[in-house]
Amino acid sequence: FPVTILQIDKATAGGEGGFIFVENSAASTLGNKAGIRFATNTGASFSGYGSYIEAINTNAGNGAEDITFGTWNGSARGERMRITSGGSLGIGTTTIGSTLQINGNAAIGYSASTAAPTNGLIVAGQVGVGVSPAAGFAIDASGSGDQSIRISTTSTGSGANASIRLNATTEGQWLLQTGNAGAGGIVTGK
């Protein structure tokens, strides 16, 4: 028996069951939408719906669809997150060029009260790039030849750019260089 106002139940062992099907049956047209919309009573100033989950047609030829998630911020509805038909995820953007595209800041490993810098990233804990770090920060670049970490600024003058270059062909060598375009002091060591 139902335990909520709407309950959908279909027993299918090892298969599909219990679906809700929502369709926009108009001819395939770019921008066609079908979805689920949510609303809570917020008083006389609110009308319609607030948050939503929608499928949106992004290719009229083959009917490809993105899934969009939107919320009501108190004055307007807006898309907040999108999963493209190709499986990429965009947060804060509708133009997704990477598997994960975030427009804005991101905090990883921090409490909700910690804000990352504008359009930046803040990470608490260990960070590994191409390798799992034993502790702290580690980078592993496969291949041979010079592998480098470069820290640079848009300013000019002495010390404006600094880079640490690791030479993969000579174990244990490092190079610290300061200055612009190869000029400046160089320190090497093991």
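Where is F21 found? F21 sits in the segment before strand 1. This is a predicted model: local features need pLDDT of at least 70, side-chain atom pairs count only at pLDDT 80 or more, and totals for chains, interfaces and linings use all residues. Residues are numbered from 1 along each chain as its sequence is written, and side-chain values use heavy atoms, with hydrogens and water left out.

**Overall fold**

- The protein chain has 14 strands and zero helices. Helices (H or I, at least four residues) and strands (E, at least two) are DSSP runs, numbered from the N terminus.
- Along the sequence, the pattern reads β-β-β-β-β-β-β-β-β-β-β-β-β-β.
- The protein chain has 190 residues, and 15% of them count as buried. Buried means under 20% relative accessible area, exposed means over 50%, and partly exposed lies in between (1.4 Å probe, protein chains only).

**Salt bridges**

- A search of the whole structure finds four salt bridges. A salt bridge is a side-chain nitrogen of Lys or Arg within 4 Å of a carboxyl oxygen of Asp or Glu.
- Side chains of opposite charge can pair when their charged atoms come close.
- One of the salt bridges joins the side chains of K33 and E54, at 3.9 Å from N to O. This pair links distant parts of the chain: K33 is in strand 1 (residues 33-37), E54 is in strand 2 (residues 52-59), and they are 21 residues apart.
- K33 is partly exposed, at 44% relative accessible area. E54 is buried, at 5% relative accessibility.
- R37 also meets E54 in a salt bridge, at 2.8 Å from N to O. R37 lies in strand 1 and E54 in strand 2, so this pair ties together parts that are 17 residues apart in sequence.
- R37 counts as partly exposed, with 46% relative accessibility.
- D66 forms a salt bridge with R82, and their closest N and O atoms are 2.9 Å apart. D66 lies in strand 3 (residues 64-72) and R82 in strand 4 (residues 77-83), so the pair ties together parts that are 16 residues apart in sequence.
- D66 is buried, at 7% relative accessible area. R82 is buried too, at 9%.
- Shared partners join K33, R37 and E54 into one network of salt bridges.

**Nonpolar surface patch**

- I5, L6, I8, I20, V22, I36, F38, I53, I67 and I83 form a nonpolar patch on the surface. Patches are made of residues with over 30% relative accessible area and no salt bridge: like charges are joined within 9 Å, and nonpolar side chains (Val, Leu, Ile, Met, Phe, Trp, Tyr) within 5 Å.
- Together, the patch residues have about 930 Å² of accessible area. Such areas come from the Shrake-Rupley method with a 1.4 Å probe; for residues, only the protein chains shown count as cover.
- I53, one of the patch residues, lies in strand 2. I53 is partly exposed, at 30% relative accessible area.

**The largest pocket**

- The largest pocket holds about 370 Å³ of space. On a 1 Å grid over the protein atoms alone, a pocket is an open set of points where a 1.4 Å probe fits, with protein on both sides within 12 Å along at least five of seven lines; lining residues have an atom within 4 Å of a point. Grid points are joined across faces, edges and corners, and a volume is the space filled by probe spheres set on the points.
- The lining has 19 residues, and V22, A34, G35, A55 and E65 lie nearest the centre of the pocket.
- Strand 1, strand 2 and strand 3 each supply at least two lining residues. Strand 2 gives the most, with five.

- F21 is exposed, with a relative accessible area of 69%. F21 and A34 are 13 residues apart in sequence and 9.8 Å apart in space, C-alpha to C-alpha.
- T99 is in the loop between strand 5 (89-91) and strand 6 (100-102). T99 counts as exposed, at 62% relative accessibility.
- N119 is in the loop between strand 7 (106-108) and strand 8 (121-123). N119 has a positive phi of about 50°, although it is not a glycine.
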